[in-house]
Amino acid sequence: MTSFDSSPSLTAWRALLAVAVVFVMLATTGWSAVRDRHAEGERELALASWARDRTVGRALPEVGTPAHRMAHFFATLTSWQRIALADRHPSIVGNLNGAPVTLRYHANRLALKRAAAVEQRRTYDEGLTARGRDEAARRMHRFRSMLAKDRQILAFDPSGRGRAAEVFGDLDRASRVSVVVPGVDTELLTLERTRRVNSAPVGMARSLYGAERAAAPGTRTAVIAWADYTAPAGLGMDAMLGGLATEGAVRLNALVGALPGTSTVALFCHSYGSVVCGLAAGETPHRVADIAVAGSPGMRTESAAGLDTDARIWAMRDRDDWIEDVPHLEFGGIGHGADPVDPAFGARLVSAAGAFGHSGYFEPGTESLGNLAAIGVGAYGSVRCASADGACRSGISGERETRRA
């Protein structure tokens, strides 16, 4: 890997290359609206029902109520009252930041059962095309899979392409929480895969959780597979722009701000997910100690300092990752800025040895996964740097810390 060459001629050529890439994408994929394409009908009905309801003679708080106030509201209810509320409004309670996490798991199981039943009916709907019925069957099987007894679904929205989040470990008791932020093509049907298991959000998070437990058996850890934002569908214009990442950043910070307890948080951001993390960085709650990116197209800034965060910034890229060939620049709002693995960017560069290609960073046995796990549990002395001089650990005064030294 060569260091960044900022000469005017090379910068101009890169800008021209970026424009060429854009025109090719426009010719082959077209513009897609940068918005959430959810079917709003059922959601609006659920919101209206929540707004009309009351419990113990009180109106319910607005859905957009800050998490700390929502948590206080639920704390004033008895266990039976909380369950009754979740049973009446599963699609709302299951996605409320500030609601008890175990209550959200319960609500989302109910929402999943309802959604699976809807998709089952759609598989027999003659008004749908054969392709539509096939997609309904795939969604039905996905929802039934998510209903497995031991799964902890923290967020679930089946509208549009769908969004979800799943927890591994005990989120209430964890002292270290890791959040996996995936990239392009993240939706309910790609939440998990039977092939290339660890390239999907659930596989990434499960693999990281196992590696963290192995790295620090005495540390209470939890990992969240966070597919609760609208990601670009394919490598079209949405993937080149920052609109969806901006919306995702707001949702990501809301999640982190609502996490229970006082756990230290690390964000692990893959591909376009690193754009989300870059835009979130300046507003992340203070408990976020580390932001690590893998296979990043950029973080919407020219340097780690430009992220305006006290969190440590880590970056890795496998030598076979095609993202290296994407122009790392921003031109007229298109592109995501400087390359985080360029030494000039200022991130802590860590080894990705053993990973293969763009989606292999979370494979068990790889140095990339080992490094991510070490960062997640705060075992910074175990992190293997990209260079032999150990520069990525510079300025960290001890093996275990929570903030930048």
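## Cavity

One cavity of 30 Å³ or more is counted in this predicted model. A cavity is a set of points on a 1 Å grid over the protein atoms alone where a 1.4 Å probe fits but cannot get out. The volume of the largest cavity is about 40 Å³, where a volume is the space filled by probe spheres set on the points, and grid points are joined across faces, edges and corners. Rolling a probe the size of a water molecule over the atoms shows where empty space is left.

The lining of the largest cavity consists of V293, A294, G295, S296, A315, M316, R317, D339, P340 and V341; a lining residue has an atom within 4 Å of a point. At least two lining residues come from each of β8 (288-294) and β9 (312-316). Strands are DSSP runs of E with at least two residues, helices are runs of H or I with at least four, and both are numbered from the N terminus. By class, this lining has six nonpolar, two polar and two charged residues. Ala, Val, Leu, Ile, Met, Phe, Trp, Tyr, Cys and Pro count as nonpolar, Asp, Glu, Lys and Arg as charged, and the others, Gly among them, as polar.

## Basis of the values

Residues are numbered from 1 along each chain as its sequence is written.

## Largest pocket

A pocket is an open set of points with protein on both sides within 12 Å along at least five of seven lines. The largest pocket holds about 610 Å³ of space. Its lining has 23 residues, and E42, R43, S91, A115 and P158 lie nearest the centre. Two or more lining residues come from each of α2 (40-52), α5 (90-93), α6 (101-122), α7 (130-146) and β3 (152-157).

Helix α6 gives the largest share of this lining, five residues. The pocket lining divides into 10 nonpolar, six polar and seven charged residues.

## Helices α4 and α6

Helix α6 also packs with α4 (residues 79-88): their axes come within 9 Å and cross at roughly 25 degrees. Axes are lines fitted to C-alpha atoms, for helices over the stretch in contact, and angles run from 0 to 180 degrees between N-to-C directions. The two helices, α4 and α6, are therefore roughly parallel (angles under 35 degrees; over 145 is roughly antiparallel, 65 to 115 roughly perpendicular and the rest oblique).

The crossing of α4 over α6 is right-handed, that is, the near helix is turned clockwise from the far one by less than a right angle. In contact (heavy atoms within 4.5 Å) are R82, I83, A86 and D87 of α4 with L103, H106, A107, L110 and R114 of α6. This contact has five nonpolar, one polar and three charged residues.

## Helices α10 and α11

Helices α10 (residues 243-258) and α11 (residues 273-280) have axes 8 Å apart, at an angle of about 65 degrees. Helices α10 and α11 are therefore roughly perpendicular, and α10 passes α11 in a right-handed crossing.

From α10, A245, T246, G248, A249, L252 and N253 meet V275, V276, C277, L279 and A280 of α11. The α10 and α11 contact has eight nonpolar, three polar and no charged residues.

## Positive phi in loops

V56 is not a glycine, yet has a positive phi near 40 degrees. V56 is in the loop between β1 (54-55) and β2 (58-59).

R196, also not a glycine, has a positive phi of about 50 degrees. The loop holding R196 runs between β5 (176-181) and α8 (201-215).

Methods. Predicted model: local features only at pLDDT ≥ 70, side-chain atom pairs only at ≥ 80, totals over all residues. Heavy atoms only, no water.
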